[in-house]
Structures are given as structure tokens and as C-alpha cells.
Amino acid sequence: MLLVSGCTSQRSELTADQIKQTTIEKFETIDDYTYTMNITLPNNSTNYIVSEVSYKEPGKEKMTLHRYPENTDFTAVNNGSTIWIYNSEDNIATRNPSGVTSLLELNPLNYRSFIKLINNSSPELLGSETLNGKQSYIMQFKLNTQQSIIPLSKTKTWIGKENYLPVKSELYINDTLIITAFFRDFKINENVSDSVFEYTPPENAIIMEPDNTLPQTINLDEAKSKVDFNIKIPTYLPKNYEMDYIQYVPEDSSVVIYYENDRYRDILVVLQRPYMKPEKEPRIFGQENVTIGDDEGIYSNRTRTLEWNNKSVEYILQSEKLDKDELIKIAESMEITQ
């Protein structure tokens with residue numbers, strides 16, 4: 001009884017930072033996991049989503065969304081070499097589409113993404129509650145940097161006291177609740193079969209295979225000889241980022257420079273091409289206006305993309321790991337190559 005009492009007392013005295021750190025350390029012991037989520041939107045009692053998620057190191061992942069009452073499905077699968085997405089609403093299956101890796105990695109209800117979010121947050125312990133039969137800490141995480149396809153400001157999450165896995169999560173933009181998710185059937189380190197991540201589209205599905213063939217790699221001097229504008233390169237790069245290769249895309253006369261960070265498995269893309277003013281400026285959810293030197297631009301939190309132009313050349317920076325401030329710092333450092 002004394003031992004039990006001591007453990008209970010020690011647990012009740014955990015600080016918000018200790019709970020956050022223990023939750024992260026728990027994640028670091030996991031090689032594979034599966035779980036199901038019931039997702040609801042506020043003020044919508046009829047529509048809901050059931051999501052099933054599987055993950056296995058290194059980087060195999062599957063996410064399915066079953067939407068009700070529409071009774072439609074969305075599936076995204078990555079087996080480590082091939083990515084598929086399928087949407088039953090239009091009955092289209094696409095192999096290796098662009099942007100899906102971000103969708104999987106930056107989905108805030110993905111367990112991996114949740115850990116990244118709270119790792120860059122200020123935690124607060126709001127109390128405790130028994131939820132779905134599990135004694136849980138009620139934690140609020142105010143996000144210090146944006147690492148999500150949704151421009152979140154904070155998340156309120158119930159974390160199990162016994163296993164430090166999420167039980168329930170509420171996502172907020174400012175103080176407005178936008179999504180509530182209940183986690184259930186959480187299973188960890190059960191050696192998920194590789195077959196889970198193999199996908200065959202429905203027999204009658206329309207198969208799409210975008211032409212992702214990369215242009216021929218060239219060097220900087222060759223790139224300069226192919227375009228009618230002055231190519232710029234960053235004079236500032238965050239630590240561990242090094243130039244990897246350069247591509248020229250003849251369709252729009254663009255030059256794309258890739259900087260790789262092997263340590264954090266990130267690619268910084270620096271694209272520049274002749275500017276063509278669109279008939280109508282698109283407005284993207286999560287987009288905000290920024291200034292790069294004397295030029296106006298936009299930053300899209302959803303895609304972690306920075307875009308601006310000087311009326312003659314358009315510039316685009318994109319990275320899955322770097323935040324807005326770092327991208328702006330890189331942009332402001334760009335100078336014409338000699």
C-alpha cells in the first residue's frame with residue numbers, strides 16, 4: 001500500500017513539462033502503431049469521420065478516412081517507395097502524387113505530427129479526468145511554430161496517465177475549436193505487417209500517374225545560360241543544409257535548386273522563373289501577406305511555402321521542416337550569382 005501510495009503521489013506531482021517530455025519519450029520507444037479516430041466538427045452533429053492510421057518504421061504509413069453520412073472514403077498509403085491516394089467520391093486513384101508526403105506528415109491528428117507539434121509548444125496542465133475508462137491528464141499545448149497543414153494556435157489533449165498516449169484531442173485556431181478527435185484501439189509495437197502498406201486500387205478506379213519525370217540535372221553555369229533572368233542563390237542557409245542539385249524546367253523556363261539536410265531528412269526547394277501575373281490572385285486557406293525586401297509576397301502555412309516576385313521574376317521557397325521566419329531569412333539573403 002505504501003508503494004502504491006508513493007507512485008500515485010509522484011504521478012500527481014508531475015509538471016506540465018514533465019508530462020510533455022514523458023509523452024515524447026514514449027513515442028521514441030515505438031517502432032509501429034495503429035489506432036482509430038472518431039473525428040467531429042463543432043456544431044455539426046450529423047457529419048463525422050472515422051480515420052484508421054497505421055505506421056511502421058522507417059516511414060511506411062497508411063491513413064484512411066471514412067466520411068459519414070456521405071459514405072465516401074479517402075485513402076493515402078506510403079509503402080516506402082510508392083505512394084497511392086484514392087478518393088471514392090471521384091473514383092480516382094493516383095500513384096506518386098506530389099504533396100501527399102506532406103499530407104501524411106503534417107496532418108495534426110497523425111500521432112507523429114502530434115509529437116512534433118507538442119515538441120515545439122508551451123505546455124500547461126489543466127487538470128485530470130477519466131475519459132473512456134482511462135485516467136488522463138488534460139494538457140494544453142500553445143504552439144510556438146507552425147508544423148501543420150492547418151494554421152493551429154493550440155491543441156487541448158487528454159493524455160493517458162498509464163501509457164502517455166493521446167485519448168482525445170481538440171484543435172484550435174486562436175480560441176475557436178475546429179476539430180475534436182477521440183483516439184481508440186491504440187496498439188503499439190505489435191510488428192505491423194508490411195502487407196498493410198501495400199495498396200491495390202479498386203478494379204473500376206481511374207488510375208492517374210502524373211509525369212514526375214525529373215528534368216536533366218545541370219550545373220549553375222548551364223542554368224544561367226538557359227534563362228533570360230539573373231539567377232539568385234541564398235547567402236544564408238540554416239545549419240546542415242547543403243546544395244544538392246539544380247534542375248532546369250523548359251516548360252516555364254524555371255530553375256529549381258535543391259538544398260538537402262541529411263540530418264533532419266528535409267529538402268529546401270528554391271524555385272525561380274519569369275513572372276506572369278495571374279488573371280486573379282488565388283486565395284489559399286492559411287495564407288498570409290509578407291514582405292521580402294521591397295517586394296510583397298505570401299506565405300502559405302498549409303504548404304509551408306513562401307512566394308514573392310519583383311514584377312519580372314517569381315521566387316518560391318518550400319520546406320517541410322523550416323518555419324516562416326527561417327524561409328523569410330533565406331529569401332532576404334538571396335543574391336545574384338556571379
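Analyst: In this predicted model, 8 strands form an open sheet with antiparallel pairing. Their order is β13-β15-β16-β17-β21-β20-β19-β18. The edges are taken by β13 (217–218) and β18 (287–292), each of which has a single partner strand, so one side of each is left without a neighbour in the sheet. In general, the strands of a sheet pair through backbone hydrogen bonds, in either a parallel or an antiparallel sense.

The pairings can be followed along this order. Strand β16 (residues 254–261) pairs with strand β17 (residues 266–274) over 7 bridges, in the antiparallel sense. Within this pair, I257 stands opposite V270 in β17. Strand β17 is in turn joined to β21 by 6 bridges, and these two strands also run antiparallel. Here V269 has Q318 in β21 as its bridge partner.

Next comes the pairing of β20 with β21, an antiparallel arrangement with 5 bridges. W308 stands opposite Y315 in β21. The two strands, β20 and β21, form a hairpin with 3 residues between them. In its turn, K311 has a positive phi of about 75°.

Of its 6 residues, 5 are buried, so β21 is largely enclosed by the rest of the structure.

Helix α6 lies across β17, β18, β19 (295–300), β20 (305–309) and β21 (313–318). Relative to β18, α6 runs at about 30°. The strands it lies across therefore include the edge strand β18 and the largely enclosed β21.

How are the buried residues of α6 arranged around its axis? In this helix (residues 324–332), L327, I328, I330 and A331 are buried. Viewed down the axis of α6, the buried residues fall within an arc of 160°, so they line one face of the helix.

Conventions: Residues numbered from 1 in each chain as written. Predicted model: local features only at pLDDT ≥ 70, side-chain atom pairs only at ≥ 80, totals over all residues. Heavy atoms only, no water. Buried < 20%, exposed > 50% of the residue type's maximum accessible area, 1.4 Å probe, protein only. Helix = DSSP H or I, 4+ residues; strand = E, 2+ residues; numbered from the N terminus. Arc of directions from axis to C-beta. Pairing = 2+ DSSP bridges. Contact = heavy atoms within 4.5 Å. Axes fitted to C-alpha atoms, helices over the stretch in contact; angles between N-to-C directions.
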